[in-house]
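Trainee: I would like to learn how to read a two-chain model, one feature at a time. Where should I begin?

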Amino acid sequence: MCKLHNKLLSNRLVINLNPKILEFKVEQIRKDFPILQQRIYNKSLVYLDNAATTQKPKQVIDTINEYYTKYNSNIHRGVHFLSEKTTLAYENARESVKNFINAKHEHEVIFTHGTTSAINLVAFSYGEKFINENDEIIISAMEHHSNIVPWQLLCERKKAKLKVIPFFSNGELALDELEKLLNEKTKLVAVNHVSNTMGTINPIKKIIEISHNHNVPVLIDGAQGIQHTGVDVQDLDVDFYAFSGHKVYGPTGIGVLYGKEKWLEEIPPYQGGGDMIKSVTFAKTVYNDLPFKFEAGTTNYIGAIGLASAIKYIESIELENIFNYEKELLDYATTKLSTIEGLSIIGYAKEKSCIISFVLDGIHHFDAGMMLDKMDIAVRTGNHCTQPIMDYYRIDGTIRASMTFYNTKEEIDYLYDSILKVKQMFN
Amino acid sequence: MTIDEKQKEIIEEFSVFDDWMDKYSYLIELGNNIQLIDDKYKTEEYIIRGCQSDVWLHAEYVDGIVNFTTDSNAILTKGIAALLVRVLSGHKPANIINADLYFVKEIGLDQHLSPTRANGLLSMLKQMKLYAMAYQAKNS
């Protein structure tokens, strides 16, 4: 049984024994996030743009501050105290990530700049080794551009073909189509864990199982997934899983590519530079072992240490508490916003993360976004880097309210009232 | 009325608004009342794409004067575009090229013309000046 599941079960047990200890107090949690305390346009900020980036608890900010203040020194190369201290913290961060996603080995955790660079790494390195002319790569129609364009670039480079799994109008993936698309030419399936636009939680375990039945490896774009559902890479049996630090309450500029050891050993390096080599002569360069083979140059080591601090923070709240609360918030917001006349929610999947995309009859999303901004509500408007989804629904953008565990029902009420005001102003 | 006089007039109009709500309501009104671009110019050729909203801009040069018409799919964008057209339309190319549009900042809408705003308005302003430059070059 997966580790996360075990952890969830054990949490439930603790909750049953002593409900007070693990009671989820959102007001208490909000105090950990300094940015939520400030006022924008002289009012309290209602931050509903968490799918774009999450805010950072003071524990993460303090960690980054501490390392830049006391310990900053380049990792892996120095013999002095500071370098050893930072190197140790960086490698401990790798261990935290390994435990967080339940990877088998620490060296299966590669630090990258973010999800985008992790996907590009696989598109390049896996592509170099395994993709040939007329091979096929399968993605879905609900991918973020960053899980479309790297594969298009690869297909152009190798004269390969991109195939697309469609989705239904409720925002759920047409899983039967995957089975039909898979064939002996298929070399990789790359889909997202959660749609950043519709919030759909895709059945990735099933997708991996189907693909593996055809001996095809799977990359999961976990940018919107890991922070709202948790991940156990061994239980999923996923080949590659990518996510970003800044969407998991950590700093920007740090991300993770998890790759199964066998793939990471087989594929060539992505970028060349310092730290990724064992020896360099003009005749031949011998690459370093995993994970350093994929970490050329100075990495964002303090970013990695900050990410570990973020993981520690959410684990201290308990993942199950977070997910339960977010589910409650999503249900509340969906019910409430659905009652607004002329408001249509885009994406009604049964399994949904706490993202609500919607359109308002006769009101351009940009106008609505500008108005909500003036009412101190931060939402995102536009196509959310998912133009194929907009094309499917024949719209040019949505208003997206993306929530997380520090948002409140009161904020949803305020969003509701504010949408009514927007409607009043435009109609 | 000169470009400068028009700017002062707009600043005066906006000075009566106490809060953003009134200001935005007025922009919506401006957007609704604007003399729209002729439908035949509402094509790809005249579109200025922003990431969030699009603007159409058409220019014509008659008797040494440049006239602009505009439209947008977002009404606030249209309202601001209407202000830009009101100030710059009906002037000689040289005056348009040299115009310093201080009114935008004065009425507190400069954030809409910052490079980070994805509404196409900054590109629209650049395009208006480019039209003026092209007409001036044609004329000399």
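Mentor: Begin with overall size. The radius of gyration is taken over C-alpha atoms, and the globule rule is 2.2 Å times the number of residues to the power 0.38. Keep in mind that this is a predicted model.

Trainee: What radius of gyration does chain B have, and what would a compact globule with 140 residues have?

Mentor: Chain B has 14 Å, and a compact globule with 140 residues would have a radius of gyration near 14 Å, so the two agree. Along its principal axes, the C-alpha trace of chain B spans about 45 × 30 × 25 Å.

Trainee: What does the rule give for chain A?

Mentor: The rule gives 22 Å for 427 residues, and the radius of gyration of chain A is 22 Å, so chain A is as compact as a globular protein of that length. The box filled by its C-alpha atoms, taken along the principal axes, is roughly 70 × 55 × 45 Å.

Trainee: How do I read burial, and what percentage of each chain counts as buried?

Mentor: A residue is buried if 20 or more other C-beta atoms lie within 10 Å of its own, and exposed if 12 or fewer do. In chain A, 46% of the 427 residues count as buried. In chain B, 39% of the 140 residues do.

Trainee: And how do I read contacts in terms of sequence separation?

Mentor: Take contacts between residues at least 6 apart in sequence, then ask what percentage join residues at least 24 apart. In chain A the value is 70%; in chain B it is 63%.

Trainee: Which secondary structure elements does chain B have, and in what order?

Mentor: Chain B comes to six helices and three strands. From the N terminus on, they run α-α-β-β-β-α-α-α-α. Chain A, for its part, has 17 helices and 17 strands.

Trainee: How are the strands of chain B arranged: parallel or antiparallel?

Mentor: The general idea is that strands of a sheet pair through backbone hydrogen bonds, either parallel or antiparallel. In chain B, three strands form an open sheet in the order 1-2-3, and the pairing is antiparallel. Strand 1 (47-49) and strand 3 are the edge strands, each pairing on one side only. Direction ignored, neighbouring strands of this sheet are turned by 30° against each other on average.

Trainee: How many bridges join strand 2 of chain B to strand 3 of chain B?

Mentor: Eight bridges join strand 2 (residues 54-62) to strand 3 (residues 65-72) in chain B. One bridge pairs H58(B) with T69(B), the latter in strand 3. Strand 1 and strand 2 of chain B pair over three bridges, and there R49(B) has D54(B) of strand 2 as its bridge partner.

Trainee: Which helices lie across these strands?

Mentor: Helix 3 (residues 75-88) of chain B lies across strand 2 and strand 3, and runs at about 175° to strand 3. Helix 6 (residues 121-139) of chain B lies across strand 1, strand 2 and strand 3, running at about 15° to strand 2.

Trainee: What should I look for in the backbone torsions?

Mentor: Look for exceptions: most residues other than glycine have a negative phi, and most peptide bonds are trans. In the hairpin of strand 2 and strand 3 of chain B, with two residues between the strands, D63(B) takes a positive phi near 50°. In chain A, N102(A) has a phi near 55° and sits in the loop between helix 5 (81-101) and strand 4 (109-112). D376(A) has a positive phi of about 70°, in the loop between helix 15 and strand 15 (377-378) of chain A.

Trainee: Why does D376(A) count as partly exposed?

Mentor: D376(A) counts as partly exposed because it has 17 other C-beta atoms within 10 Å.

Trainee: Which residues does a cis peptide bond join?

Mentor: A cis peptide bond joins L290(A) and P291(A), with omega about 0°. P291(A) lies in the loop between strand 12 (285-287) and helix 13 (301-317) of chain A.

Trainee: Last, how many residues does the contact between the chains take from each?

Mentor: The contact takes eleven residues from chain A and 13 residues from chain B. On the side of chain A that touches chain B, helix 15 gives the largest share, five residues. The residues of that side divide into five nonpolar, four polar and two charged.

Definitions and conventions
Residues numbered from 1 in each chain as written. Chains lettered and ligands numbered in written order. Predicted model: local features only at pLDDT ≥ 70, side-chain atom pairs only at ≥ 80, totals over all residues. Contact = placed C-beta atoms within 7 Å. Helix = DSSP H or I, 4+ residues; strand = E, 2+ residues; numbered from the N terminus. Nonpolar A, V, L, I, M, F, W, Y, C, P; charged D, E, K, R; others polar. Pairing = 2+ DSSP bridges. Axes fitted to C-alpha atoms, helices over the stretch in contact; angles between N-to-C directions.
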